[in-house]
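Here is a friendly walk through one chain and its neighbourhoods. Please keep the model open beside the text as you read.

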Amino acid sequence: MGIMDKKTATDRISRRAFLRSSAAAGLGVALAGPALAQAPPQAAPAAAKSADELRVAVIGCGAQGRVLIESMLRIPSVRIAAICDIWSYSRQYTGNYLKKYGHVANVYEDYRELLAAEKDLDAAIVATPDWVHAEQANACLRRGLPVYCEKEMANSLGQARSMVLAARETGKLLQIGHQRRSNPRYIHAIDRLIRERRLLGRVTVAYAQWNRAKADLLGWPEKYVIDQATLDKYGYGSMTEFRNWRLFKKFGGGPMVDLGSHQIDLFSWVFGTRPKSVVASGGLDYYKNWEWYDNVMAIYEFETKEGTARAFYQVQTTTQHGGFYETFMGENGSLVLSEIPQRGNWAMREPHAPEWDSLAKAGLLQSETLPIQKSTTKNVFVDVRVTAEAGRWPLPVELARPAHQPHLENFFDAVRHGTPLTCPAELAYESCVAVLKANEAVKARRVMDFRPEQFKA
Ligand SMILES: NC(=O)c1ccc[n+]([C@@H]2O[C@H](COP(=O)([O-])OP(=O)(O)OC[C@H]3O[C@@H](n4cnc5c(N)ncnc54)[C@H](O)[C@@H]3O)[C@@H](O)[C@H]2O)c1
């Protein structure tokens, strides 16, 4: 019987609150939703280790650890050999889930015990809260293991720097989990269309947002309370801090870092340079029980080869209207992307711009533009000064895999064949410098300048 089935009445009530709050924080998929309910296509590799099999340890089996495991089970010849988590709930759930697919993983509470006992590992995945990434990733690197560590690298620059140095010193691979860097849709849009083919001409403005619905603090089933001595041992003051680590300064960076880190990384990718300055406004305006800002609006300035460009980023956590996406705007057109293709996967041409038909013929864009939605609102005069919106040219690239799978594949290919990582530690460090500075700018209430040497660890 699984851990979900053995509930007392009290547990059931707690668990409902737990799932409700988990779903609100985007955890529902991993805990109870379709991603884990669907059978991943791969069973465990055969018992005897094949030549190309990689034995992997996963440290941190919460929501994201399980999302990564779900993707890893789809990648041939990857065996989850060991898992570690300080929470019995995560250990049991993940251990049971893995058993269903024939992966009998050794289970640990403390990553130090895992590293001491497991002598036959080929790689480690670190998916714990941001504040322990440096300690754990560095220990794995020093044990000789290549590491895939979740974003944000760390919630302090000192820790992030130590990770770059540890990777450099040990000569081991360190991939950071900005998974859009390996997403074929993003690579096509940014490398092929915007940078190589110059689809948008000079890009002058970027805009990205992550608008989230309001949410309660995450709860936990009473049965899985961690005793205070264990919480103290691992640095958490209470179950509330432990479950809601992102919102507290000691453990995370708030929504700006948690969500912004994915999208602000794209600004530098598109502009081909790091930002020159950032100015930001934000605050803890809605929630009473958080430490970090619940909304931030930041403007980064870039000095590109073609001149100044600006990127506006908004994160807010009280309404989900508009969701999350990124837009890049240039003199000849705009391009909208989102990790969820329905929210962004198309380009729009400015009327005066050179034609795009030849790009469509070359298969770089889809040839059919989508018709503009006609407004059905009655009694509205269409003002002649309103510029007609351009038609949408959908991008032809699809990703028929979970969003994290290509990034893990890129990591495992690098481990096996020495191919380049798409998000090595040095690159992620640059992104970390840019993102952490926005929180500083909110606090300082002034423009913060970057010096080029600040982006080097
Ligand atoms: N790339 C992405 O799209 C993406 C999405 C979500 C989260 N993340 C990142 O993944 C990481 C984990 O986030 P999450 O949403 O899974 O959080 P979570 O709270 O759901 O899970 C964290 C897990 O780590 C465990 N843990 C905490 N401290 C530990 C320690 N010292 N040693 C071992 N285990 C420990 C907890 O018990 C929990 O099971 C974070 O860095 C987050 O930023 C990335």
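How many residues surround the ligand, and which are the closest? The shell holds 26 residues, and the closest are Gly62, Gln64, Trp87, Ser90 and Glu150. A residue is near a molecule or strand here if its C-beta atom, placed from the backbone, lies within 6 Å of it. The shell divides into 12 nonpolar, eight polar and six charged residues.

Two notes before going on. This is a predicted model, in which local features need pLDDT of at least 70 and side-chain atom pairs count only at pLDDT 80 or more, while totals for chains, interfaces and linings use all residues. Residues are numbered from 1 along each chain as its sequence is written.

**The chain overall**

The secondary structure comes to 16 helices and 15 strands. Helices (H or I, at least four residues) and strands (E, at least two) are DSSP runs, numbered from the N terminus. Of the 457 residues in the chain, 43% are buried. Buried means that 20 or more other C-beta atoms lie within 10 Å of the residue's own; exposed means 12 or fewer, partly exposed is in between, and C-beta atoms are placed from the backbone. Among contacts between residues at least 6 apart in sequence, 72% join residues at least 24 apart. A contact needs C-beta atoms, placed from the backbone, within 7 Å.

**The parallel sheet**

Six strands form an open sheet in the order E3-E2-E1-E4-E5-E6, with parallel pairing. Strand E3 (106-108) and strand E6 (174-176) stand at the edges; each has a single partner strand, so one side of each is left without a neighbour in the sheet. From one strand to the next, the twist averages 20 degrees. Strands pair if DSSP finds at least two bridges between them. Strand E1 (residues 54-59) and strand E2 (residues 78-84) are joined by six bridges, and leucine 54 stands opposite valine 78 in E2.

**The mixed sheet**

The order E14-E13-E12-E11-E7-E10-E9-E8-E15 describes an open sheet of nine strands with mixed pairing. Its edges are strand E14 (392-394) and strand E15 (448-449), each with a single partner strand, so one side of each lacks a neighbour in the sheet. Strand E12 (residues 333-337) is mostly covered, with four of its five residues buried. A hairpin through two residues joins E11 to E12.

| Strand pair | Sense | Bridges |
|---|---|---|
| E11 (residues 324-330) and E12 | antiparallel | five bridges |
| E12 and E13 (residues 345-349) | antiparallel | five bridges |
| E13 and E14 | antiparallel | three bridges |

Valine 336 in E12 is the bridge partner of threonine 327. Serine 334 stands opposite methionine 348 in E13, and tryptophan 346 has proline 394 in E14 as its bridge partner.

**Helices on the mixed sheet**

Helix H9 lies across strand E7 (203-211), E11, E12 and E13, running at about 165 degrees to E12. H13 packs on the sheet as well, touching E7, strand E9 (295-304), strand E10 (307-316) and E11, and its direction makes about 170 degrees with that of E7. Such angles run from 0 to 180 degrees between N-to-C directions, with axes as lines fitted to C-alpha atoms, for helices over the stretch in contact.

Is H13 mostly covered or mostly uncovered? It is mostly covered, as 10 of its 12 residues are buried, including His262, Asp265 and Phe267. The 12 residues of H13 (residues 260-271) should span 16 Å at 1.5 Å a residue, and the end C-alpha atoms are 17 Å apart, which agrees. The expected span is 1.5 Å times one less than the number of residues. Just after H13, glycine 272 takes a positive phi of about 70 degrees.

**Two residues to look up**

Proline 184 is found in H9 (residues 184-196). Proline 184 is partly exposed, because 13 other C-beta atoms lie within 10 Å. Not counting residues up to four places away in sequence, proline 184 touches Val397, Leu399 and Pro406. The C-alpha atoms of proline 184 and leucine 399 are separated by 6.8 Å, although the two are 215 residues apart along the chain.

Glutamate 306 lies in the loop between E9 and E10. Glutamate 306 counts as partly exposed, because it has 14 C-beta neighbours inside 10 Å.

Notes. Two residues are in contact if their C-beta atoms, placed from the backbone, lie within 7 Å. Ala, Val, Leu, Ile, Met, Phe, Trp, Tyr, Cys and Pro count as nonpolar, Asp, Glu, Lys and Arg as charged, and the others, Gly among them, as polar.
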